[in-house]
Amino acid sequence: MFNPRQTIVRSVSSEHPDPKVIVEAAEIIRRGGLIAFPTETVYGLGASALDAGAVESIFKAKGRPPANPIIVHVASASAARQLVLDWPPLADRLAERCWPGPLTLVLPKRPIVPDIVTASGRTVGIRVPAHPIALALLQDAQIPIAAPSANRSSEISPTTAEHVQAALDGRIDLILDGGPTPGGLESTVLDLTVDPPRILRPGLVTIEELDEVIGHVDWDETSREHTAKGPARSPGLIDRHYAPRAKLHCVKVGETSPVQELLARPNRVGWLRLHPEAVSNHTENAVVIDMPSDPAAYSARLYAALHELDDAGVDQIVVDLPPEGDAWLAVHDRLIRASAK
Ligand code: TXA
Ligand code: MG
């Protein structure tokens with residue numbers, strides 16, 4: 001059971017975070033409390049990564065399965081090195097190129113990282129977030145911050161402080177409201193303990209960018225299916241994830257019949273539409289959201305759009321599937337998981 005608490009919300013400028021608010025937040029982290037804060041990807045729910053009790057309260061507040069490890073956020077690559085047994089040259093190159101930024105590196109952990117952070121695994125996922133509020137908090141707290149996305153387990157990640165509040169009010173101590181997060185999808189998780197390095201979760205850093213730095217990365221399109229058959233390589237790869245309350249249907253370009261069929265029913269339907277020119281006779285039952293055709297803008301909008309459709313109380317969501325390709329990989333991944341039964 002979670003420990004009920006009063007949740008304070010503080011609005012903070014994303015460009016110039018008010019040092020007084022940051023000091024207050026860092027103090028809460030140091031004494032074992034829970035704080036939601038914006039990163040460049042989504043809002044995180046942070047606690048001191050070196051305090052097993054504080055990290056346990058993250059699991060309770062989220063209702064997170066204990067087998068799912070948590071990413072540790074640090075202020076710099078040198079702070080990251082303190083947490084791992086091995087820091088390969090590849091880690092240096094990736095940190096140089098991608099940090100601060102949406103890339104999580106999985107490396108063998110040192111004993112100072114409590115087992116609860118890594119779900120008793122031998123590796124720890126670490127990243128330096130590229131958001132002034134997150135960085136200010138890490139610099140002031142001077143301790144690594146363990147932070148999953150600030151949603152209830154298996155629900156959609158939050159891209160605004162309002163999303164966080166709706167999910168976690170009364171369960172956490174403080175929400176730093178820095179406005180909408182610019183990236184909108186989570187970081188890329190890259191396992192550096194195998195050769196070649198393997199992508200465990202596609203994210204805002206693309207395979208193409210990683211290939212440029214390290215030559216070759218392994219991405220197994222079918223890895224999502226493995227979770228149904230065997231142990232998860234990354235426990236976050238459980239099938240139904242990032243899911244709205246409504247049932248979500250992905251529709252390929254040209255495949256209009258499922259849309260027409262759903263829209264013809266009397267239930268309320270949400271539609272994330274990519275092709276406004278697609279004609280439909282039945283949009284009066286639908287809440288239509290026209291999505292950007294650029295992958296970065298689409299990513300930034302996706303979770304907020306799904307939150308809006310849930311709030312509108314639709315029972316079914318139709319999503320026009322964006323094109324294939326590296327730039328859309330993370331979007332496809334999240335849509336497929338959100339539509340899993
Ligand atoms: O962008 C992000 O990564 C956000 C912000 C807050 O940093 N965080 C985030 O955390 O998305 P979470 O807990 O929602 O997802 C972390 C993913 C999960 O799939 C988890 O299983 C995986 O990373 N992960 C974390 N540590 C790992 C480890 N040591 N080995 C394998 N996978 C790991
Ligand atoms: Mg999450």
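Q: What makes up the domain assignment of the protein?
A: Two pieces: domain 1 (8-224) and domain 2 (247-338), with bounds that come from an automatic or database domain assignment. A quick heads-up: this is a predicted model, where local features need pLDDT of at least 70, side-chain atom pairs count only at pLDDT 80 or more, and totals for chains, interfaces and linings use all residues. Residues are numbered from 1 along each chain as its sequence is written, and side-chain values use heavy atoms, with hydrogens and water left out.

Q: Why is Ser157 called buried?
A: Buried means under 20% relative accessible area, with exposed over 50% and partly exposed in between (1.4 Å probe, protein chains only). Ser157 comes in at 0%, so it counts as buried.

Q: What makes the Ser157 and Glu186 side chains a polar contact?
A: The term needs a pair of N or O atoms within 3.5 Å; within protein, one must be able to donate a hydrogen and the other to accept it, and residues adjacent in sequence count only if both atoms are side-chain atoms. The two side chains make theirs at 2.5 Å.

Q: How do you know that Arg334 and Glu186 meet in a salt bridge?
A: The rule wants a side-chain nitrogen of Lys or Arg within 4 Å of a carboxyl oxygen of Asp or Glu. Here the N to O value is 2.9 Å. Across the interface of domain 1 and domain 2, the rule finds 1 salt bridge.

Q: How many residues of domain 1 and domain 2 are in contact?
A: With contact meaning heavy atoms within 4.5 Å, 22 residues of domain 1 meet 17 of domain 2.

Notes: Chains lettered and ligands numbered in written order.
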